[in-house]
Amino acid sequence: MNRLDIVFMGSPQFAVDVAQKLRQQHNIIGVCTAPPRPAARGKKLVETPVHKWADENRIPILDIAGQLPKADAGVVASYGVFLKDSVINHFPMGCINVHPSLLPRWRGAAPIERAILAGDKTTGVCIMQITQQLDAGDIYAMREIPVAPRETTASLTKKLADIGGGLLLQVLQGNPRPTPQPGDGATYAEKIRKEEGLIDWNAKTADEIDRQIRAIPSWFMKGGQRIKVLEARPVPAEQPAAIIVKCKQGFLVVDVLQREGRNPLPAEEFIKGFRNAKI
């Protein structure tokens, strides 16, 4: 098997997991990633997980707008940047994308979160060609998996990165002919907005709020404080629990919470340290 020279493009941990698997069989000669961004507190600039991984492995950080080195292919995983034709055409094999959904469902920025929010029973990974239309390129390979009942964005991201990395290696080794992606049934996974995390106990069912908590950072306001809900579970009827909330339909037992600037706490401990903790 020939080792290919690859320019890798990605930013979050999902991309790191794909890059690590890719590097087992091919040469990553440079990395393009999002620039450092201010952290939530202190505004200190923080590099992306891919940037940190590249530094640790002494792989050059490249400027996507600059002169890219010669390479066989570009590989993209959650990069979040539209690539110009000049970048795509720079590589003899083009740019190959590892996308964590069953395209054409959930094209866009947040396919994993949107799949959990929507209550999808299955999801998967596609290895596809990059084109100018968002996530609409031809597909080299696809793998479908079930979404576990208590799946979280973190757990599903790890699964799909592992599957996607392995599928990518198969595609690079076998060089299969891509299949046109169907246009019918396309849905778009818009970037998660911060305000989507606000829990509305009265407007959503317990199952909907449960999926929200498992999919995205979720919170409510109490006593002028933002309180995050880290773990919860729906129950069919009211039952003894430290914190149980009646929703639009059904009840939700809240197991782990976190006040701003504090450590996460089990509900029992949270109540002891927070007066009038009834929701």
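**Exercise 1. State what share of the protein's residues is buried, then describe the protein as a whole.**

Step 1. Of the 279 residues, 46% count as buried. Buried means under 20% relative accessible area, exposed means over 50%, and partly exposed lies in between (1.4 Å probe, protein chains only).

Step 2. This is a predicted model: local features need pLDDT of at least 70, side-chain atom pairs count only at pLDDT 80 or more, and totals for chains, interfaces and linings use all residues. Residues are numbered from 1 along each chain as its sequence is written, and side-chain values use heavy atoms, with hydrogens and water left out.

Step 3. Count the elements. The protein has seven helices and 15 strands. These are DSSP runs numbered from the N terminus: helices are H or I with at least four residues, strands are E with at least two.

Step 4. Take the dimensions. Along the principal axes, the C-alpha atoms fill a box of roughly 65 × 45 × 30 Å. The accessible surface comes to about 14900 Å², and 50% of it belongs to carbon and sulfur atoms. Such areas come from the Shrake-Rupley method with a 1.4 Å probe; for residues, only the protein chains shown count as cover.

Step 5. Look at contacts (heavy atoms within 4.5 Å). Among those with a separation of 6 or more, 59% come from residues 24 or more positions apart.

**Exercise 2. Find which residues of helix H4 are buried and what covers them.**

Step 1. H4 spans residues 111-118. Its buried residues are Pro111, Ile112, Arg114, Ala115 and Ile116.

Step 2. The cover includes strands E6 (95-99), E7 (107-108), E8 (122-129) and E10, together with helices H5 (153-174) and H6 (206-215).

**Exercise 3. Trace the strand pairing from E11 through E12 to E14.**

Step 1. E11 (residues 219-222) and E12 (residues 225-235) run antiparallel, joined by four bridges. Two strands pair if DSSP finds at least two bridges between them.

Step 2. Trp219 stands opposite Lys228 in E12.

Step 3. Inspect the turn. The hairpin of E11 and E12 has two residues between the strands, and Gly223 takes a positive phi near 60 degrees there.

Step 4. Move on to E14 (residues 251-259). E12 pairs with E14 in the antiparallel sense over eight bridges. Glu231 has Val256 in E14 as its bridge partner.

**Exercise 4. Identify the aromatic pair and classify its geometry.**

Step 1. Apply the rule: rings of Phe, Tyr and Trp (its six-membered ring) pair if their centres lie within 6.5 Å; planes under 30 degrees apart count as stacked, over 60 as edge-to-face and the rest as tilted. The count comes to one aromatic pair.

Step 2. The ring centres of Trp201 and Phe220 are 5.8 Å apart and the planes stand at 65 degrees, so the pair is edge-to-face.

Step 3. Trp201 lies in the loop between E10 and H6 and Phe220 in strand E11, so the pair ties together parts that are 19 residues apart in sequence. Both Trp201 and Phe220 are buried.

**Exercise 5. Locate the backbone exceptions at Arg58, Ser78 and Pro104.**

Step 1. Recall the rule. Most residues other than glycine have a negative phi, and most peptide bonds are trans.

Step 2. Arg58 is not a glycine, yet has a positive phi of about 55 degrees. Arg58 sits in the loop between helix H2 (49-56) and strand E5 (73-77). Arg58 is exposed because its relative accessible area is 79%.

Step 3. Ser78, also not a glycine, has a positive phi of about 55 degrees. Ser78 is in the loop between E5 and helix H3 (85-88).

Step 4. The peptide bond from Leu103 to Pro104 is cis, with omega near 15 degrees. Pro104 lies in the loop between E6 and E7.
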